[in-house]
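Subject: Structure for your review

Hello,

Please find the structure for your review below. My notes come after it.

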Amino acid sequence: MKKNQHFKLAIFDLDGTLTLEKSIWEYIHVRLGKWYGFAEQYQKQFLEGKISYQEFCERDAEVWKGMKVEEMMEIIKNVPFHPGVDKLISHLRQKGLKLSMVSSGLSLLTNWVHERYGFDYSVSNDLLFEDGVLTGKVRIQVFYDKKAEWVRKILEQYEIKPEEAIAIGDSRGDMDMFQMVGFSVAFNSSCAELDRIATVCVRSQNLADIIPMLPL
């Protein structure tokens, strides 16, 4: 990979990559005391193939029915981020890259991060609400293992070639995204297969440690 190769876009996973928490869904359940012995069963059923991803998300969303969006945001805004987020984002911006996020998490978090760090494009899953109150329904836009279709849309929207994009992620759900781009970074990956297909693997508590590894 040439150091002077011209990259134009960075595509981030969110949960576990920018944030310390691996799942915003789980984080909210834990904060509300709804995870252990309850919502964790939905994850177990999904991982065992007993329910679909759609049903998994629907059951999670149903737990929060009746909560005020404002109350949910108070929880979400306390999600801890990896140190170095600001430095990495600033570096990419200085190099002229557009910033995007493709997350199978929740848009309440993604939209907040989008505004906080000045992203150009982001997509994730929507908790539905009426009059500021969660309905217990969810609109799935990003399936955990189907991020490539969104990568394709982003590339088309900004007229960027796949080889001009960088992807940064941490789990199995980022594999098809990595296969779509010219350079990929597995950050504290939980998946050996992701490590194998990544251009580089970085294990660190600080996202800024990715910077020296980037061909920018």
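The notes below cover a histidine, the nonpolar cores and a pair of helices.

This is a predicted model, so please read everything here as computed from it.

I began with H29, which sits in helix α1, a helix that spans residues 24–31. The relative accessibility of H29 is 0%, so H29 counts as buried, the cut-off being under 20%. Its side chain makes a polar contact with the side chain of D60, at 2.9 Å. Setting aside neighbours within four places in sequence, H29 is in contact with K34, W35, A39, D60, V63 and W64.

W64 leads on to the core. The largest nonpolar core has 59 residues, and the members that touch the most others are F12, L18, W64 and V113. Not counting residues up to four places away in sequence, W64 touches W25, I28, H29, L32, M72, L106, L127 and L134. Another core, of 23 residues, lies apart from the largest one; V151, M177, F178 and A198 are among its members.

Helix α1 also packs against helix α4 (residues 69–76), at an angle of about 105° and with the axes 10 Å apart. The two helices, α1 and α4, are therefore roughly perpendicular to each other. On the α1 side the contact involves I24, Y27, I28 and R31, and on the α4 side M72, I75 and I76. By type, the residues of this contact between α1 and α4 are six nonpolar, no polar and one charged.

Regards

Definitions and conventions. Residues numbered from 1 in each chain as written. Predicted model: local features only at pLDDT ≥ 70, side-chain atom pairs only at ≥ 80, totals over all residues. Heavy atoms only, no water. Helix = DSSP H or I, 4+ residues; strand = E, 2+ residues; numbered from the N terminus. Buried < 20%, exposed > 50% of the residue type's maximum accessible area, 1.4 Å probe, protein only. Polar contact = N/O pair within 3.5 Å; in protein donor to acceptor, adjacent residues only side chain to side chain. Contact = heavy atoms within 4.5 Å. Core = buried A, V, L, I, M, F, W, Y, C linked by side-chain atoms within 4.5 Å. Axes fitted to C-alpha atoms, helices over the stretch in contact; angles between N-to-C directions. Parallel < 35°, antiparallel > 145°, perpendicular 65-115°, else oblique. Nonpolar A, V, L, I, M, F, W, Y, C, P; charged D, E, K, R; others polar.
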